[in-house]
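Okay everyone, thanks for coming. Have a look at the screen, and I'll talk you through what we have.

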Amino acid sequence: MNRRHFLAAGAGLGALALSGAARADTDTYRRFHAALARDPSLAVYADLAGDQSGEAVLEGRLPADLRGSFFRNGPGRLELGGERYQHWFDGDGFAQRWTIADGKVGHRGRFVQTERFIAESRAGQFLMPAFGTMVNWRSVRSNDAVNAANTNLLPLNGRLYALWEGGSATEMDPDSLATLGIKTWRDDLQGMPFSAHPKSDPDGGMWNFGMAHGADRLVLYRIGAAGQLLRSAVVDVPQFNFVHDFVVSAQHLIFLVPPYDFSPERSLSLAARHVWAGSGAQARPMRVVVVAKETLAIRQVFELPPRMVFHLGNAWEDGACTRFDAVLHEGDALDKLGQLMRGQRQPNDPGRSQVMQVCLDYAKGEARASRLFGPAEFPRVAPQRVSVRHRRLALLSSDAANPALVLDTVNLVDTDSGKADSFRFGAGWQVEEHVLVPRQGARNDTDGYLVGVAQDTRAGVSVLTVFNAARIGGGPLAMARLPYRTPHCFHGNFLST
């Protein structure tokens, strides 16, 4: 299947232009700001007006061997012209670079200058549809016309890419964070979806995938260490409607497909067209689709109880089986992220999610899941362990005493025992994804550091945190405090120098 047929088969944002004009939601704007006045901690989801640059004030001491750039990305502009997006996934990408060098920490943040961002900045209002917000003042030619570039920031072979799963990667200058333009891996793949969760390959390259909602097809990419496309393929997968992440083992690419139907109603936003089919008498299971790396064809499909999933940890071959980590949620979790835009935090319900370790038994055709850890999100493994057996999994969790779901605790979980080495920041803090940064020649998963960002909501500032990966419970070795708040990011990667 060629590019044109792949894109035409799906219902991406580029296919949502309707006759007439729909507006973003002014009621969402009013409700959020009323909630923010009552609860200043909601400022982590507030709008950001412009670019940022500054030096952090250091508490503690940075390790001498920790040097490099921590690249982060997330939605920065959520409001425009008195209107507010209805879903957290909709905001314009705000790329960040935290630089650690010579015992100091600097920060730079810039909006990704996408076609959408430039056009709407000039107009002073939202013009185009987003994942969870139906806006169509302007006709849309392609998915890249509405590319938010807001989910991850990937350094590769001296280049830097802002990623968003609905369209192309956007190249940025790794030093200045200036936007350089859309990345096309091959001419016939122009505008094809390229997910925000690529996985590294032992040869120094990476694997990635793309999907078009409603197309029931999966596009696969293998990128070499020099940044060149080595292989690509399109695979038919029925009801392949919402897949955000995947894992790779030595031999396989593994996709968890939650039970969503896709509504044909074009007046709805893309998010609203995802109809949960995991409840009731006709509930469908979650499917585990295993693609063989050698052939780029489906090897086997397994079933698990109906669950929602955003993020997975790592996968590895274990004899005749493949094992992997996944954070599984009960019910439809998409709408809950939309409620944040109205200032509505979710209750802290420990029974709604679990971190599971899944075993795929190819001979028996069975997928068996066992509990590894309780409610958590944002799983990460040491980069040198991707696709091979790992012993530690970084996770964020919420203290059980919190009435609302606020991630305030970092954990490094032993994947054999399930025991966690943890540090809780406490009341007034909201923690973002933390990543493992190995020392040069690291001997094991804890030979290095855990680096991330935490939002001090009482002071209204953002803080870079550095832990000894072997002693998370001892607290941060260093905290680098900015004089301002940065947008709450989704994902990022550390590039050592």
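To find your place, look for Ser397, which sits opposite Thr409 of strand 28. Before I go on, keep in mind that this is a predicted model.

Buried here means under 20% relative accessible area. Which way do the residues point? Thr409, Asn411 and Val413 face one way, while Val410, Leu412 and Asp414 face the other, and all of them are buried.

Strand 28 has another partner too. That's strand 29, residues 420–424, again antiparallel, with five bridges between the two. Here the pair to look for is Val410, opposite Phe423 in strand 29. Strands 28 and 29 make a hairpin with five residues between the strands, and in it Gly418 has a positive phi near 80 degrees.

Okay, another hairpin, elsewhere in the chain. Strand 20 is residues 286–292 and strand 21 is residues 297–304, and they pair antiparallel over seven bridges. Arg287 faces Glu303 of strand 21 across that pairing. Four residues lie between strands 20 and 21, and Leu296, in the turn, takes a positive phi of about 55 degrees.

Let's zoom out. How many helices and strands does the chain have? Four helices and 34 strands. And the overall shape? A compact globule of 497 residues would have a radius of gyration near 23 Å, and this chain comes out at 21 Å, which agrees. If you draw a box around the C-alpha atoms along the principal axes, you get roughly 60 × 55 × 45 Å.

What about the inside? Of the 497 residues, 60% are buried. Then there are the contacts: take those between residues at least 6 apart in sequence, and 62% of them link residues at least 24 apart.

Last stop, the surface and the charges. The accessible surface is about 18800 Å², and carbon and sulfur atoms account for 48% of that. The chain carries 54 positive and 51 negative charges, and the mean positions of the two sets are 1 Å apart.

That's my tour, so let's go back to the picture and chat.

Technical notes: Residues are numbered from 1 along each chain as its sequence is written. This is a predicted model: local features need pLDDT of at least 70, side-chain atom pairs count only at pLDDT 80 or more; totals for chains, interfaces and linings use all residues. Side-chain values use heavy atoms; hydrogens and water are left out. The radius of gyration is taken over C-alpha atoms; the globule rule is 2.2 Å times the number of residues to the power 0.38. Buried means under 20% relative accessible area, exposed over 50%, partly exposed in between (1.4 Å probe, protein chains only). Contact means heavy atoms within 4.5 Å. Accessible areas come from the Shrake-Rupley method with a 1.4 Å probe; for residues, only the protein chains shown count as cover. Lys and Arg count as positive and Asp and Glu as negative; His and the chain ends are not counted. The place of a charge is taken as NZ of Lys, CZ of Arg, CG of Asp or CD of Glu. Two strands pair if DSSP finds at least two bridges between them.
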